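Open the structure in your viewer and keep the sequence panel beside it. Each stop below says what to select and what is found there.

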Amino acid sequence: MRVLFSCVGAYGHFRPLLPLARAFAAASHDVAFATSGAFAPQVEAAGFPLLPAGRSAQELFEQMKPYREHLETLPPAERRILGFARRFARLEAPAKLGPLHSAASAWKPDLIVFESADLAAPIVAASLGLPTVHQGFGRVVPIAILERAARETAALWREAGLTPEPLGGAFSGLYLDICPPSFETEPLPVGTRVLKLRPTHPADPGERLPAWVDGLDERPMVYVTLGTVFNDPSIFGVLLDALADVECNVVATIGRSGDPDALGPLPANAHVEQYISQSLLLPHCAATVGHGGSGSTLAALAEGVPLLLVPRGADQ
């Protein structure tokens with residue numbers, strides 16, 4: 001069987017799909033990912049071929065900048081509804097739809113697996129008569145958000161000669177839920193076919209902890225992360241300074257595009273890297289200071305590591 005995984009080109013949308021993709025590959029199925037061409041290094045490092053489709057995370061970030069200023073003037077409860085629809089329905093979906101349709105038509109998958117922000121994949125699957133599986137990346141995206149996004153993408157369905165499906169086709173097929181039941185806040189639509197999965201966060205082949213980790217003393221380790229999008233250096237400065245007098249070793253990751261030198265002089269107990277696999281680091285940690293993103297929060301919960309959350313945006 002050929003299985004095409006489709007996602008937005010960002011770590012928080014790509015990495016939750018990896019355990020299932022690797023399970024399919026281990027069972028001798030052909031697996032490929034359809035996402036931004038700029039995300040090719042990450043897809044290939046994980047061991048999969050890439051079918052380029054969709055805008056890069058940096059392009060979307062830049063296109064959202066003017067609108068983000070408007071969002072920050074709104075009550076917090078309204079921001080995610082409008083931000084999700086703008087970024088993923090109005091900007092990402094139209095740009096991805098044509099390339100994804102062409103890629104899927106050429107590669108001929110038997111199944112399309114997509115994540116919650118990929119609003120083009122259900123349209124392409126319906127157009128090609130393919131079954132879909134929708135895997136969440138954390139808590140289920142609230143229905144009010146999906147309703148707004150579906151209104152934005154309805155024209156794309158009609159342009160493809162299709163009747164728009166409820167909620168943009170998000171729950172037309174099987175839904176894979178990786179969120180612990182006690183952590184969920186939104187019920188799924190009645191009649192949704194659901195399969196519960198435990199969230200896992202495997203390292204890529206060949207990944208190792210930095211050599212200096214083995215040389216740290218016996219003080220407890222505190223991991224500091226603000227994810228891969230909202231990682232403002234000034235916020236890291238506040239967090240590292242706050243931990244400077246705590247008897248612990250602090251390990252901070254600032255994202256692959258981040259510059260450790262931008263943080264300036266570091267406290268004596270702080271160590272900064274662009275990226276370290278959470279699955280390798282968290283077993284050594286006594287606590288995590290995080291941004292509340294789905295990946296790092298669920299990974300810490302799965303490892304039993306206490307969390308202090310400093311939300312910065314999106315669904316955090």
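The tour goes from the sheet to its helices, then to rings, a loop and the cysteines.

This is a predicted model, in which local features need pLDDT of at least 70 and side-chain atom pairs count only at pLDDT 80 or more, while totals for chains, interfaces and linings use all residues. Residues are numbered from 1 along each chain as its sequence is written, and side-chain values use heavy atoms, with hydrogens and water left out.

**Stop 1: the sheet**

Show the cartoon. Helices (H or I, at least four residues) and strands (E, at least two) are DSSP runs, numbered from the N terminus. Two strands pair if DSSP finds at least two bridges between them. Seven strands form an open sheet with parallel pairing, in the order S3-S2-S1-S4-S5-S6-S7. Select strand S3 (50-52) and strand S7 (194-196): they stand at the edges with a single partner strand each, so one side of each has no neighbour in the sheet. From one strand to the next, the twist averages 25°. Axes here are lines fitted to C-alpha atoms, for helices over the stretch in contact, and angles run from 0 to 180 degrees between N-to-C directions.

**Stop 2: strand S4**

Now select strand S4 (111-115). Is it enclosed or open to the outside? Five of its five residues are buried, so S4 is largely enclosed by the rest of the structure. Buried means under 20% relative accessible area, exposed over 50%, and partly exposed in between (1.4 Å probe, protein chains only). In a regular strand the side chains alternate between the two faces of the sheet. Here Leu111, Val113 and Glu115 point one way, and Ile112 and Phe114 the other.

S4 runs parallel to S1, joined by four bridges, and Ile112 is the bridge partner of Leu4. S4 also pairs with S5 in the parallel sense over four bridges, where Phe114 stands opposite His134.

**Stop 3**

Select residues 76-107, helix H5. H5 packs on the sheet, touching S1, S2 and S3, and its direction makes about 170° with that of S1. Next select helix H6 (residues 121-128), which lies across S1, S4 and S5 and runs at about 165° to S4.

**Stop 4: aromatic rings**

Rings of Phe, Tyr and Trp (its six-membered ring) pair if their centres lie within 6.5 Å; planes under 30 degrees apart count as stacked, over 60 as edge-to-face and the rest as tilted. By this rule there are nine aromatic pairs. Select Phe171 and Tyr175: their ring centres are 5.3 Å apart and their planes are at 70°, so the pair is edge-to-face. Tyr175 also stands opposite Val194 in S7. An aromatic cluster can be shown too; its members include Phe5, Phe33 and Tyr275.

A charge sits over a ring if NZ of Lys or CZ of Arg is within 6 Å of the ring centre and within 35 degrees of the ring normal. Arg2 lies over the face of Trp107, 4.3 Å from the ring centre. Arg139 has its charged end over the ring of Phe183, at 4.4 Å from the centre.

**Stop 5: Gly54**

Gly54 is in the loop between S3 and helix H4 (57-71). With a relative accessible area of 22%, Gly54 is partly exposed. Leaving aside neighbours within four places in sequence, Gly54 is in contact (heavy atoms within 4.5 Å) with Ser36, Gly37, Glu92 and Lys96.

**Stop 6: the cysteines**

How many disulfides does the structure hold? The count is zero, a disulfide being a pair of cysteine sulfur atoms within 2.5 Å. Cys7 is buried at 0% relative accessibility, and Cys179 is buried at 2%.
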